[in-house]
Amino acid sequence: MNTDGKQTREYYISKCRYYNGSDDIYSSANIMAADYERVWVGFHFDEEGVSQLRAMLDTYIKWGLEHFNEDDGTPMSLKALLLGRFLHWGFGYETADDFKKWYKDFYILNNRK
């Protein structure tokens, strides 16, 4: 995660699968993922958002996911945000393997951008 302010909004948008920078996320093939990506982009330009991303990254690493799908083009901080959303909507019994399956099914396989 680059939090030094040197990256542009367009740089972060280029890392997204569903969010293209438009306010109209409803035209995306995966509206929920586009909204998560929109929030992720915005977090990089807000002090509180950066703090939240750091906390999410800590959780992601504690779950042993630091090397999960490293070469799929999705930044670790975005995967960490997705893990946070996965846990938020879960039932409290989720495992790292559950997240990996959800990530692939919900995020990767639904990619129609």
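Q: In which loop is Thr74 found?
A: The model is a predicted one. In it, the chain has 5 helices and 0 strands. Thr74 is found in the loop between helix H3 (47–62) and helix H4 (76–89).

Q: Is Thr74 buried or exposed?
A: A residue counts as buried under 20% relative accessible area and as exposed over 50%. Thr74 has a relative accessible area of 6%, so Thr74 is buried.

Q: With which side chain does the side chain of Thr74 make a polar contact?
A: Leaving aside residues up to four places away in sequence, Thr74 touches Arg17, Lys79, Tyr103 and Tyr107. The polar contact has a distance of 3.0 Å, and the partner of the Thr74 side chain is that of Tyr103.

Q: Against which helices do the buried residues of H4 pack?
A: Buried residues in H4 include Ser77, Leu78, Lys79 and Phe86. The helix has 14 residues, which at 1.5 Å a residue should span 20 Å, and its end C-alpha atoms are 20 Å apart, in agreement. The buried residues of H4 pack against H2, H3 and H5.

Q: Which kind of aromatic pair do Tyr18 and Tyr107 form?
A: The count of aromatic pairs comes to 14. For Tyr18 and Tyr107 the ring centres are 5.5 Å apart and the planes are at 70 degrees. Planes over 60 degrees apart count as edge-to-face, so the pair formed by Tyr18 and Tyr107 is edge-to-face.

Q: How many residues apart are Tyr18 and Tyr107?
A: Both Tyr18 and Tyr107 are buried. Tyr18 is in the loop between helix H1 (9–14) and helix H2 (31–43), whereas Tyr107 is in helix H5 (residues 96–108). The pair links distant parts of the chain, and its members are 89 residues apart.

Q: Why is the pair of Trp102 and Phe106 stacked?
A: Trp102 and Phe106 are 4 residues apart in helix H5, which separates them by about one helical turn. Residues three or four places apart in an α-helix point the same way, because there are 3.6 residues a turn. The ring centres of Trp102 and Phe106 lie 4.5 Å apart, and the pair is stacked because the planes are at 15 degrees.

Q: What radius of gyration does the protein have?
A: Along its principal axes the C-alpha trace spans about 35 × 30 × 25 Å. A compact globule of 113 residues would have a radius of gyration near 13 Å. The protein agrees with this, with a radius of gyration of 13 Å.

How values were computed
Residues are numbered from 1 along each chain as its sequence is written. This is a predicted model: local features need pLDDT of at least 70, side-chain atom pairs count only at pLDDT 80 or more; totals for chains, interfaces and linings use all residues. Side-chain values use heavy atoms; hydrogens and water are left out. Rings of Phe, Tyr and Trp (its six-membered ring) pair if their centres lie within 6.5 Å; planes under 30 degrees apart count as stacked, over 60 as edge-to-face and the rest as tilted. Helices (H or I, at least four residues) and strands (E, at least two) are DSSP runs, numbered from the N terminus. Buried means under 20% relative accessible area, exposed over 50%, partly exposed in between (1.4 Å probe, protein chains only). A polar contact is a pair of N or O atoms within 3.5 Å; within protein, one must be able to donate a hydrogen and the other to accept it, and residues adjacent in sequence count only if both atoms are side-chain atoms. Contact means heavy atoms within 4.5 Å. The expected span of a helix is 1.5 Å times one less than its number of residues. The radius of gyration is taken over C-alpha atoms; the globule rule is 2.2 Å times the number of residues to the power 0.38.
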